[in-house]
Amino acid sequence: MVQYNVSPLVKSLPASGIRKFFDMAGQDENMISLGVGEPDFATPERVRAACIRALESGQTMYTPNAGLMELREEIAHYLGSSFQLNYEPKDEILVTVGSSEAIDLAMRTLICSGDEVLIPVPSYIAYSPIVALQGGSIVNVETHEQEQFKLTAQSLREKITPRSKVLLINYPNNPTGAVMSYEDWLPITELVKAHNLIVVSDEVYAELTYESQHVSIASLPGMQERTIVINGFSKAFAMTGWRIGYACGPVEIISQMLKIHQYTAMCAPIMGQIAALESLRSGLADKDLMKEAYKQRRAMFVGGLQQLGLSCHMPEGAFYAFPSIAHTGLSSEQFAFKLMKEAGVAVVPGHVFGPGGEGRIRCSYSVSSAKLSEALERMGCYMSQTRQAHVAAVGAGRRLMGTERKGLGKEGEERR
């Protein structure tokens, strides 16, 4: 019998809690899945058409390792006009296989064994495993609903040690929908500079802010030189399957990330790069229309959750609601499993997002308004049944305790 000596580190990694529920939900055609953060829009027609034309003309070869120069130039222009970030396309921008590869490359480049990576939590579930694979030490920095899940200087300061090296952030945030303003970032940047930290800023939801303009931490004074900005086309441009992301930062770091990229991925797929280029050239209006749809769904869905008695702050970015289910007495996994089995609605249990996630569920409102309405109706029926069962259980418990007290009273009289 063959003995497979798989890496103990890899074996110790948990499987994705998001995929677990997504795969279970996919087995039921009547299931409404609010689990995976994927736009329900198809990639806009003009973008698809540009890719088809490129394929028909035979553009199926490798691109430069760092990506098509035209795409890097367009990314540079877009970031400058949208977020006041200025990068040199030649050597400060790297096109990757989705933003996930960009995060992985950044961690591989920056982390040595034992280095501490500070991660505000709740956080996207891939961060901790990626850090662990590089031998880094994960330090969770908790955020709280009473502060709109923003990262605060006080909470960060308490976790910084001489081994702290990287601050890995994600705003707008998955799963909380939290957004950071310029004023929110200012005290954070002072700590970053004082402790010589490098920031890896996952801004894949940058375009999906609803109450204000996205502010990148790299746009603050003295921060671009110590920040790797990561973004991509999956979320705001409805291009999840095209797998195109990018990393921007100092040439000293991007050049090292490029070396790893050369040996592992070679280059991002040319078809996806062509589609991304067209999105930036002619798809910005489509992006804005999709954002407006998410904004309307957000108001309807979060309002519906609150009417059901599920406490939920209004997310200011991304497309996730993160309501509390603590009052039900169920764990987040128990609640999510029962909701899926009994009501046909799939959500993600909050515990998979780390400390602060337990007692909550993540619901994506990137699906259609019709599905969101149906999901709320099903959740309402489920919540009603859960409340009735809870009341019945409490009543039965009280009756049992009353009977026991009664019996003890008689026994006490006999003893006296």
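Reader: Between which two elements does the loop that holds Asn-196 lie?

Author: The model is a predicted one, in which local features need pLDDT of at least 70, side-chain atom pairs count only at pLDDT 80 or more, and totals for chains, interfaces and linings use all residues. Residues are numbered from 1 along each chain as its sequence is written, and side-chain values use heavy atoms, with hydrogens and water left out. Helices (H or I, at least four residues) and strands (E, at least two) are DSSP runs, numbered from the N terminus. On that numbering, the loop that holds Asn-196 lies between helix 8 and strand 6 (198–202).

Reader: Is Asn-196 buried or exposed?

Author: Buried means under 20% relative accessible area, exposed over 50%, and partly exposed in between (1.4 Å probe, protein chains only). Asn-196 has a relative accessibility of 57%, so the residue counts as exposed.

Reader: What is the phi of Asn-196, and what is that of Gln-84?

Author: Asn-196 is not a glycine, yet its phi is positive, at about 55°. Gln-84 sits in the loop between helix 4 (69–83) and strand 2 (93–97). Gln-84 is not a glycine either, and its phi is also positive, at about 55°.

Reader: How many residues apart are Glu-190 and Lys-193 in helix 8?

Author: A salt bridge is a side-chain nitrogen of Lys or Arg within 4 Å of a carboxyl oxygen of Asp or Glu. Glu-190 and Lys-193 form such a pair, with the closest N and O atoms 3.6 Å apart. Glu-190 is partly exposed at 47% relative accessibility, and Lys-193 is partly exposed at 30%. Both lie in helix 8 (residues 182–194), about one turn of the helix from each other, or 3 residues apart.

Reader: Which residue pairs with Glu-374, and at what distance?

Author: Glu-374 is partly exposed, with a relative accessible area of 31%. Glu-374 and Arg-378 are 4 residues apart in helix 13 (residues 369–415), so about one helical turn separates them. The partner in the salt bridge is thus found in that helix: it is Arg-378, at 3.0 Å, N to O.

Reader: How many residues apart are the partners Arg-163 and Glu-116?

Author: Side chains of opposite charge can pair when their charged atoms come close. Arg-163 and Glu-116 form a salt bridge, the closest N and O atoms being 3.9 Å apart. This pair links distant parts of the chain, with Arg-163 in the loop between helix 7 (153–157) and strand 5 (164–170) and Glu-116 in strand 3 (residues 116–121), so the partners are 47 residues apart.

Reader: What are the relative accessibilities of Arg-163 and Glu-116?

Author: Arg-163 counts as partly exposed, at 46%. Glu-116 is buried, with a relative accessible area of 8%.

Reader: Which residues does Cys-312 touch?

Author: Cys-312 lies in the loop between helix 11 (284–307) and strand 9 (320–321), and it is buried at 6% relative accessibility. Contact means heavy atoms within 4.5 Å. Not counting residues up to four places away in sequence, Cys-312 touches Glu-145, Val-302, Leu-305, Gln-306, Ala-321, Phe-322 and Pro-323.

Reader: What is the radius of gyration of the chain, and why is the chain described as compact?

Author: The chain has 13 helices and 12 strands. The radius of gyration is taken over C-alpha atoms, and the globule rule is 2.2 Å times the number of residues to the power 0.38. For 416 residues the rule gives 22 Å, and the chain is close to that value, so it is as compact as a globular protein of that length; its radius of gyration is 24 Å.

Reader: What share of the residues counts as buried?

Author: Among contacts in the chain with a separation of 6 or more, 75% come from residues 24 or more positions apart. Of the 416 residues, the buried share is 52%.
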